[in-house]
Amino acid sequence: MDRLKISGGKPLSGTIPISGAKNSALKLMAAALLTPEPVTLTNMPNLADTRFLSQLLSTLGVEVYWPKGDATCHLNAAELTSTIAPYEQVRKMRASFNVLGPLLARYGHATVSLPGGCAIGARPVDLHLKAFEAMGADLLVEQGYVKAAAIHGLKGAHIVFPFVSVGATEHAMLAATLANGETVLENAAREPEIADLADCLNSMGAKVSGAGTATITIEGVEKLHGTTHDVMADRIEAGTYAMVVAAAGGDVTLTNAPVAALSAVNHALRNAGIIVDADKDARTLRIQRNGSKLNAVNIDTAPHPGFPTDMQAQFMALMSLADGTSIIRENIFENRFMHAPELSRLGANISVRGHEAIVKGVDALKGAPVMATDLRASVSLVIAALAAQGETEVSRIYHLDRGFERLEQKLTAVGADVRRVSAEEE
Ligand SMILES: CC(=O)N[C@H]1[C@@H](OP(=O)(O)OP(=O)(O)OC[C@H]2O[C@@H](n3ccc(=O)[nH]c3=O)[C@H](O)[C@@H]2O)O[C@H](CO)[C@@H](O)[C@@H]1O
Ligand SMILES: C=C(OP(=O)(O)O)C(=O)O
């Protein structure tokens with residue numbers, strides 16, 4: 001298994017280009033199932049997750065043309081050969097579950113494995129299923145599979161989500177584009193990826209309005225056509241590199257950054273004493289820290305526009321070096337503090353009480369062997385390692401490959417000492 005060897009303590013300088021957003025790309029790929037015409041996605045991130053979903057789409061009969069390393073992915077769902085998404089392909093990546101809605105909407109039936117829980121929490125899909133039922137689908141959950149049918153097609157519905165779910169909002173939106181009549185989603189998630197999906201769907205002929213607000217209206221249409229859509233830039237990747245610079249020090253400009261989507265993260269960084277120059281028009285974010293102490297800042301994760309749960313681990317790594325104590329509350333996932341004991345191996349002083357982590361800043365971290373436990377937890381260890389004295393070895397980095405494109409290359413380009421070591425090399 002590959003590992004990362006990181007020698008910390010080097011200030012960083014230069015430019016890091018931000019890639020397309022994983023969490024947008026995955027839903028945009030599922031949208032290609034809604035039309036028999038070609039869908040081309042540009043600014044596609046080459047990640048384990050996006051490659052994995054392209055394999056599932058191929059299994060369903062989608063023609064996928066996406067050369068390795070290329071940022072353009074061509075999908076053609078002209079004729080599907082299957083409407084079954086098997087256990088192995090949904091269990092390994094939750095977002096695969098998103099093929100259910102499009103298949104049901106276009107073909108009137110689909111059988112998709114339940115995604116199950118994962119390291120960060122149980123993550124049920126009850127809101128997704130209730131939304132499809134409200135749209136008239138018959139659902140049977142049997143032997144770990146959701147068997148869904150809507151023989152006469154889905155119909156528009158008024159759906160009020162009891163709490164905000166990004167996945168359920170996107171999934172209901174995908175399915176509603178081909179439903180008969182109007183669907184209204186209330187208490188919808190407002191994440192920027194939802195507006196990106198709506199833009200793509202509208203360019204395919206869908207009638208979606210209100211995406212990015214808490215009420216989304218979808219007027220169903222008979223069919224959708226092909227499109228070319230540019231995947232939005234990854235706000236979590238951009239926020240992560242901002243934390244890297246904040247922790248290690250230096251002066252780095254992030255290009256192709258989704259500046260408007262990063263206000264909560266930028267606000268927290270500024271409170272911590274980091275200089276953040278955000279230029280919305282130029283889509284750049286310049287992050288500077290020159291030897292200054294970090295202020296301790298409390299954060300509460302919340303749905304957008306609140307502080308994103310996907311940035312919580314990275315901010316904890318930063319706060320472990322702050323001057324004072326910060327309280328970090330995780331309000332989205334019940335088990336998203338697995339990075340805390342690993343950060344402690346590097347010398348951080350963190351105690352976890354339920355959904356609250358109390359981080360007492362220390363003067364310095366020291367390199368140690370640590371283990372990645374999930375995607376964002378893994379990158380929090382990279383951040384801490386880049387700020388630490390000495391060498392850190394991060395194992396199980398396949399988690400990182402799910403969501404960070406060319407991580408070592410991007411970090412090395414700004415002066416970090418990061419090496420990937422494969423098992424065979426040792
Ligand atoms: C691929 C992708 O885009 N993943 C993102 C998406 O995940 P995902 O879409 O899975 O996250 P949700 O917003 O749906 O989850 C929010 C909360 O609702 C719960 N819930 C959700 C659905 C449901 O049917 N029932 C239920 O109880 C979840 O367990 C969680 O506690 O949004 C999360 C919250 O911003 C991010 O951390 C993930 O990176
Ligand atoms: C939790 C994440 O992804 P997923 O929902 O695919 O597990 C993430 O991107 O941080």
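This is a short tour of the structure, one selection at a time.

Before starting, note that this is a predicted model, where local features need pLDDT of at least 70, side-chain atom pairs count only at pLDDT 80 or more, and totals for chains, interfaces and linings use all residues. Residues are numbered from 1 along each chain as its sequence is written, while chains are lettered from A and ligands numbered from 1 in the order in which they are written.

**Stop 1: the two domains.** Colour residues 3–15 + 234–425 as domain 1 and 23–228 as domain 2; these bounds come from an automatic or database domain assignment. Their centres, taken over C-alpha atoms, are 31 Å apart. The contact between them takes 18 residues from domain 1 and 13 residues from domain 2 (in contact: C-beta atoms, placed from the backbone, within 7 Å).

**Stop 2: ligand 2.** Now select Asn23, Arg94, Ala95, Cys118, Asp310, Leu375, Arg376 and Gly403, which surround ligand 2 (near: C-beta atom, placed from the backbone, within 6 Å). Where does ligand 2 lie? Both domain 1 and domain 2 give residues to its shell, so ligand 2 lies between them.

**Stop 3: helix 8.** Next, pick residues 235–248, which form helix 8 (helices are DSSP runs of H or I, at least four residues, numbered from the N terminus). All 14 of its 14 residues are buried (20 or more other C-beta atoms, placed from the backbone, within 10 Å of a residue's own). Step on to Gly249, which follows helix 8 and has a positive phi, near 90°.

Key
Helices (H or I, at least four residues) and strands (E, at least two) are DSSP runs, numbered from the N terminus. The expected span of a helix is 1.5 Å times one less than its number of residues. A residue is buried if 20 or more other C-beta atoms lie within 10 Å of its own, exposed if 12 or fewer, and partly exposed in between; C-beta atoms are placed from the backbone. Two residues are in contact if their C-beta atoms, placed from the backbone, lie within 7 Å.
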